[in-house]
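Thanks for coming. I will go through one model this morning, starting at the ligand and ending with the packing.

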Amino acid sequence: MTGRRETLRAFASHRSPRYTSYPTAPHFHTGVGSDVYGNWLEQLDPGEPVSLYLHVPYCRTLCWYCGCNTRATTKPEPVAAYLETLMDELALVADRLPSRMMISHLAMGGGTPAILTPGQIDRLMEHVRARFDFAEDAELAIEIDPRHFTREDAEALGRNGFTRASTGVQSFDPAVQAAINRVQPFELVEAAFNRLREAGVTRINADLLYGLPKQTVESALASAEAAAKLNPSRLAVFGYAHVPHMMAHQKLILEEDLPGPATRIAQADAMDHALRDEGYRAIGIDHYAQPDDPMTVALDAGVLKRNFQGYTTDKARTMIGLGASAIGENPSGYIQNIADVRSWRMAIGEGQLPVARGVAISAEDYLRRAIIERIMTDLTVDVVAVANAQGLPAPDFDVSELEAAGIVTRFGTCLAINPAYKPLARLAAAAFDAYLATGPVKHSVSV
Ligand code: SF4
């Protein structure tokens, strides 16, 4: 065990992308804009389903650990104005599609999309239904904040067909909650779970964090055990990324309160053991799911995917991203919307798709993306089999350093991550990233 933790510590500070896309977001460029994206939308296969992602970048208060594109507001006006523009963008995009299309998956994220009032959720979903059909087994998911979630909010989700909700839990330790400006006792989170279930939103995810200020191994473990008591169908366990040079509000977190690398690893280990003891299956590098959850079923079938929302069972090749800073993907490439709300609104007001940048995907990108996706989801890949399936030669790669450290094993044409080192899977994925050396930004640490 000691040897393993030392190896994890040695490699933990190696920086690499989280591979929620390939090519990764730093390689998007302004050569892909509104016109290119419009052509891509027109070329979509009308017989294929699409997924929709709706971004709402507002929260009631700011959590000091937050790494999202969001802002705090207590006033209803900015959110109401944003919603109007979001519905205008929906219409603009729908006008460019080859026909009325079918949605297999809808996700609302942010920020806190559940900041919309019940009436606003009704209106938004009415607009979506006016322009799209929903597949019978479509999943409709939304992120909620348990501190601001009433029975009426839950009922609006239920009557609009939402099937899944994600709740930000992070930690139940009062000292940690105070240090991150997110005070929410267990009973409050439990009440949100109950409201969701009573309203028919029965699949609930919970997000937990380790590496938070004032967090100990014992409190991380206790939070994982308490979260499991709420019986969520999925949990995500992320390491807090402290990047105050990029996220100014993180300066409110005192560096001396942050646990060091060894404690972070011990926290992640303790939470991993607790959740697996509670019957959850480990998924990829940082997720857990109940054995009968569609994510576990997809993992066992070898069809689990990874996109900007993390791991997903969504099979659609096209994700239409709506809202300021939203990212979308389709068979031609990726796009990202303008992040500044005022500029995003202005573009839509002028009848333009509000695209800031993007990147086209080449055949070689597809191959590398498929290999990286299998590493990040299954922790193993048959490189030659994936290449053969795409009719391309297998790319060269070098994982000798990881192999020498026991982090990966190569056998025949396969590569496997030792499960004990799953947080380092992204380092193996990086061996297939043809753009990494040209990247302009630093990535987060691996553990
Ligand atoms: S509620 Fe979520 S999105 Fe909003 S500030 Fe907190 S962590 Fe960030």
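Which residues are around the ligand? They are Cys59, Thr61, Leu62, Cys63, Tyr65, Cys66, Gly111, Thr112 and Arg182, where a residue is taken as near a molecule if one of its heavy atoms lies within 4 Å of it. By class, that shell divides into 5 nonpolar, 3 polar and 1 charged. The classes are as follows: Ala, Val, Leu, Ile, Met, Phe, Trp, Tyr, Cys and Pro are nonpolar, Asp, Glu, Lys and Arg are charged, and the others, Gly among them, are polar.

Before going on, the ground rules. This is a predicted model, in which local features need pLDDT of at least 70 and side-chain atom pairs count only at pLDDT 80 or more, while totals for chains, interfaces and linings use all residues. Residues are numbered from 1 along each chain as its sequence is written, and side-chain values use heavy atoms, with hydrogens and water left out.

Now the backbone. Gly111, one of the residues around the ligand, is joined to Gly110 by a cis peptide bond with omega about 20°. Gly111 is placed in the loop between strand E4 (101-110) and helix H4 (118-131); helices (H or I, at least four residues) and strands (E, at least two) are DSSP runs, numbered from the N terminus. Another cis bond runs from Tyr22 to Pro23, with omega near -5°. Pro23 belongs to the loop between helix H1 (2-12) and helix H2 (34-42).

Ser325 has phi of about 75° and sits in the loop between strand E13 (318-322) and strand E14 (327-330). With a relative accessible area of 10%, Ser325 is buried; buried means under 20% relative accessible area, exposed over 50%, and partly exposed in between, using a 1.4 Å probe and protein chains only. Leu379 has phi of about 65°. Its place is the loop between helix H12 (363-378) and strand E17 (380-382), and at 13% relative accessibility Leu379 is also buried.

On to charges. Side chains of opposite charge can pair when their charged atoms come close. How many salt bridges does the count come to? There are 24, a salt bridge being a side-chain nitrogen of Lys or Arg within 4 Å of a carboxyl oxygen of Asp or Glu. I will show three of them.

Arg317 and Glu48 meet at 2.8 Å, N to O. This pair links distant parts of the chain, 269 residues apart: Arg317 is in the loop between strand E12 (310-312) and E13, and Glu48 is in the loop between H2 and strand E1 (50-56). Arg317 is partly exposed at 45% relative accessibility, and Glu48 is partly exposed at 21%.

Asp293 and Arg164 form a salt bridge at 3.2 Å, N to O. Asp293 lies in the loop between strand E10 (287-289) and helix H10 (294-301) and Arg164 in strand E6 (residues 164-170), so the pair ties together parts that are 129 residues apart in sequence. Both Asp293 and Arg164 are buried.

Asp272 is buried at 11% and Lys422 at 10%. As for networks, salt bridges that share partners join Glu139, Arg164, Arg203, Arg234 and Asp293 into one.

Last, the packing. In soluble globular proteins, nonpolar side chains tend to be buried together. The largest nonpolar core has 79 residues, where a core is a set of buried Ala, Val, Leu, Ile, Met, Phe, Trp, Tyr and Cys residues joined through side-chain atoms within 4.5 Å. Helix H3 (residues 76-96) gives the largest share of this core, 9 residues. A second, separate core of 39 residues includes Ala298, Leu379, Tyr421 and Ala429, so Leu379 comes up again here.

Which residues have the most contacts inside the largest core? They are Leu106, Met108, Phe132 and Phe162. Leaving aside neighbours within four places in sequence, the contacts of Phe162 (heavy atoms within 4.5 Å) include Leu106, Met108, Ile121 and Met125.

One more buried residue is Val189, at 0% relative accessible area, in helix H7 (residues 186-198). Not counting residues up to four places away in sequence, Val189 touches Pro146, Val169, Phe172, Gln184 and Leu230. That is the end of my list.
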